Amino acid sequence: MKIVVCVKQVPDTKGGVKFNPDGTLDRAAMLTIMNPDDKAGLEAALRLKDEYGAEVTVLTMGLPKADEVLREAIAMGADHGILVTDRVLGGADTWATSTTIAGAIRNLEYDLIITGRQAIDGDTAQVGPQIAEHLGLPVISYAQDIKIDGDSVIVQRQYEDRYHELKAKMPCLITALSELNEPRYMTPGGIFDAYEKEVTVWGRADLKDVDDSNLGLKGSPTKIAKASDKVRKGAGEKVTLDAEEAVAYLMGKFKEKHVI
Amino acid sequence: MDFSLDKKHEMARSLFREFAENEAKPLAQEVDETEEFPMETVKKMQKYGFMGIPVPKEYGGQGCDPLTYVMCVEELSKVCATTGVVVSAHTSLCIDPILTYGTEEQKQKYVKPLASGEKIGAFALTEPGAGTDAQGAQTKAVLDGDEWILNGSKCFITNGKVADVYIVIAITSVTEDKRGRKKKNFSAFIVDKGAPGFSFGTKEKKMGIRGSSTYELIFEDCRIPKDNLLGPEGKGFPIAMHTLDGGRIGIAAQALGIAEGALERAVEYTKERKQFGRSIAQQQNTQFKLADMATRVEAAQMLVYKAAMAKATQKVYSVEAAKAKLFAAETAMAVTTEVVQLFGGYGYIREYDVERMMRDAKITEIYEGTSEVQRMVISGALLK
């Protein structure tokens, strides 16, 4: 079985968030981690590898520095890493990103593609399903459990209060939730091996069947109007009153602030 | 000269830090309080290869270098010094001598399960009457056909009861020099747990590293196979001394970790703690103390990393190891004492980690060669 796992290097929310003047994230200046949902997707692939035997290829698109998440994935047990990086691909929205990644995946053999549900920096949850659309594959999103059954996958798709059990024939694409599993740690020897291994680097020229008009900032229908770090609200005001007094107090405050 | 770590070492450090924070830190207080060996954490460390970091892959290890191993002990000790010394004693004092002096058969038989973490290792040199004066040891080994028979006892043995494999130093002959002075000739042995005649004495109750399993080992006509002699007969003393050179780098890393852990807590605490209307971090007294500690800690780190690099590239690294251990241990003691002072009354309370850190720090000035021994080694090389 051949599995492609798509991962993204995202800002570590423990560190500060920094922006470029155009409103996009200044990724080079921030501490980074492997996106948690993607890490769960990778762990799911590695567990399938442990159980059924599989060749796991990890693919990312980003700055040359995104090579780090591929090394991390290899140190956890992935077999190959592919970095898609090119200046012309910069500033991509979900459409341009999924077009790029699909263009890269067209060069590969695969039975299963696993992506994270969404990235903690964009929170769109669009890229996974869009890749499936570009490649004409069935997609099962929000996976909380994955099993292999012959040439099919059986996946539990999570809802708030229940789950659906869905079966899809491979090849297909699954988007993983961070609740799917507890990702393993790297091993020290795995890290040393990962830095001895060659990571494949692809640019624009290596993408298959994609049009320039769908790539990079120019090919992105979505434009970021404004972005800012989370503004911290004050602690607020806490009052303890009985119901009638509370209503009167609130009405007074609303009037004072011209809410009503 | 470049003082920055390369990417793989940076990544290894982030791995050790994440593991220590998630796995060892939540148990540190309990391990200290109950004096229970952190077996749960050790099992996890086995799974992720932490028990054989600097061991070649052909012998079941991770194939990393001494620096990576040192960073592991450092990061573990930042949150739990007990966990740090488990790895240090196992790796430096048990695996390393077998790897250095063992036959191919011994490496296959012992290093493989030790490096994979399936087995835990220990090292036994110290005796009740022989600490710094290791030559004063009394434990004897006599060859009887195909077996060595060991008699005597060893004390203060780290990983004492949890270990499966022990390196034991014992007298195998006494010779006279030209002037008629008697000289004990030591040899090193590999002893399996469960060897007939091998038992455990008292468990030591300690000031610090209380979860570490510290026991007395007793050998009463203990029989081990002839093939378990490690290195040439009569070379046990140099083997023990060379092993301790490596061990000191591990302990130096433990001390460094303790100092770093205490300093980190001091930075957090002094920013939060308010007295006289402002945080104590805003008082110059605190600022100067933090600055001095940070400077000292970084100097210790440089010496420890330098010693680790020396172990990777040099045959002899006694002086580098001694300097690293001396300075890191005294830094750990000084820094933890100062941090307890900055915490004031809270520093003296067990609920706060710094009290434990101060107790843990003391042992680093004592075991695997006291600070006085390190000074002897350093000055000995200077005055040669």
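In what order do the 9 strands of the open sheet in chain A run? I looked this up and found β9-β8-β7-β10-β6-β1-β4-β5-β11, with mixed pairing.

**Ground rules**

I am working on a predicted model, where local features need pLDDT of at least 70, side-chain atom pairs count only at pLDDT 80 or more, and totals for chains, interfaces and linings use all residues. Residues are numbered from 1 along each chain as its sequence is written, while chains are lettered from A and ligands numbered from 1 in the order in which they are written.

**Chain A overall**

I found 6 helices and 11 strands in chain A. Helices (H or I, at least four residues) and strands (E, at least two) are DSSP runs, numbered from the N terminus. Of the 260 residues of chain A, 40% are buried; buried calls for 20 or more other C-beta atoms within 10 Å of the residue's own, with C-beta atoms placed from the backbone.

Two strands pair if DSSP finds at least two bridges between them. I then followed β11(A) to β5 (residues 80–84) of chain A: the two pair in the parallel sense over 3 bridges. Val84(A) has Trp202(A) in β11(A) as its bridge partner.

Helix α3 (residues 94–105) of chain A packs on the sheet. It touches β1, β4, β5, β6 and β11 of chain A and makes about 145 degrees with the direction of β4(A). Angles run from 0 to 180 degrees between N-to-C directions, and axes are lines fitted to C-alpha atoms, for helices over the stretch in contact.

**Where chain A touches chain B**

I found 11 residues of chain A in contact with 14 residues of chain B. Contact means C-beta atoms, placed from the backbone, within 7 Å. Which element of chain A gives the most to this side? It is α5(A), with 5 residues.

**Two helices in chain B**

I looked at α6 (residues 236–272) and α8 (residues 318–343) of chain B. Their axes come within 8 Å and cross at roughly 25 degrees. α6(B) and α8(B) are therefore roughly parallel to each other, a term for angles under 35 degrees. Their contact has 21 nonpolar, 4 polar and 4 charged residues. Nonpolar covers Ala, Val, Leu, Ile, Met, Phe, Trp, Tyr, Cys and Pro; charged covers Asp, Glu, Lys and Arg; the others, Gly among them, are polar.

How values were computed:
Parallel < 35°, antiparallel > 145°, perpendicular 65-115°, else oblique. Contact = placed C-beta atoms within 7 Å. Buried ≥ 20, exposed ≤ 12 C-beta atoms within 10 Å, placed from the backbone.
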